Amino acid sequence: MKSAVVAVAFLAGIGLLAGCQPAAQKAAAPKEKKVEPKKVEKKKSATERFRTALANQDKWQKACSNPNQLVPEGIDVETFRKEMLATVKFPPGGVLGKDVKRGEKLFGDPKKGGRSRRGNCYACHCGDPQILACGNIGPSLRGYGKRGIDPKDTYIKIYNSWAVVPCSVMPRLGYHGVLTPEEIADIVAYMHDPNSPLNK
Ligand code: HEC
């Protein structure tokens, strides 16, 4: 009986100690935790990638980074477009890719909800009439392939939209390496295909 009491007292003692320890750890814990966000930053958080991009703007990006998003005065628009056009790299197989389905997926598909994280065209454009959640920052691309536009011009527009409209809000998808030339060619094929839902 006596030993049982001792054992209980002993256990209670451990319990007390154990009860104290986490409290002591808790006090020390915030210091240790502060180290963690730094580790995340080393992996390049979205914020840091954004800051790096801001610090490494090319000269035209700098020119366009003004509250109006317009070409500022004193900038020669023709030189601007020529320099942007010179950045466009064409795929060896030509501007009309072979994989129309991949083009559709890059344009917006993710199972027809349209939220491709690559091209993400529906963020700003409408197109496939089945996809209702579409943006109107850019013009509708419904029936785009029936307008007699040269596929090469479509390719250039997607690769580097500023070769056409300087300081446009449309991202320069090829220029920034978001899409490869081959991927852009597949998007062009999708946009110009008479059987594409865009053109029905
Ligand atoms: C952040 C918004 C935005 C995104 C994303 C975007 N665009 Fe645009 N796009 C625009 C705006 C604004 C215009 C009109 C001004 C211009 O021509 O740059 C435009 C114009 C165009 C034009 C010319 C339309 C015409 O009638 O002449 C084409 C083609 C085009 N976009 C294709 C695409 C494709 C394909 C994608 C996806 C790979 C895409 N855009 C993604 C904003 C966007």
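Predicted model: local features only at pLDDT ≥ 70, side-chain atom pairs only at ≥ 80, totals over all residues.
Let me start with helix 7, whose buried residues pack against helix 5 (77-85) and helix 8; helices here are DSSP runs of H or I of at least four residues, numbered from the N terminus. The buried residues in question are Thr154, Tyr155, Ile156, Lys157, Ile158 and Tyr159, where buried means that 20 or more other C-beta atoms, placed from the backbone, lie within 10 Å of the residue's own.

Residues are numbered from 1 along each chain as its sequence is written.

Helix 7 (residues 151-159) also matters for the ligand shell, to which it gives the largest share, three residues. In total 23 residues surround the ligand, and the closest are Gly119, Cys121, Cys124, Gly138 and Ser168; the criterion is a C-beta atom, placed from the backbone, within 6 Å.

Turning to helix 8 (residues 181-192), its axis and that of helix 6 (residues 100-107) come within 7 Å and cross at roughly 100 degrees, with axes fitted to C-alpha atoms over the stretch in contact and angles running from 0 to 180 degrees between N-to-C directions. On the helix 6 side the contact includes Val100, Arg102 and Phe107, and on the helix 8 side Glu183, Ile187 and Tyr190 are among the residues involved, contact meaning C-beta atoms, placed from the backbone, within 7 Å.

Overall, the chain has eight helices and zero strands, and 26% of its 200 residues count as buried.

Terms used
Helix = DSSP H or I, 4+ residues; strand = E, 2+ residues; numbered from the N terminus. Contact = placed C-beta atoms within 7 Å. Buried ≥ 20, exposed ≤ 12 C-beta atoms within 10 Å, placed from the backbone.
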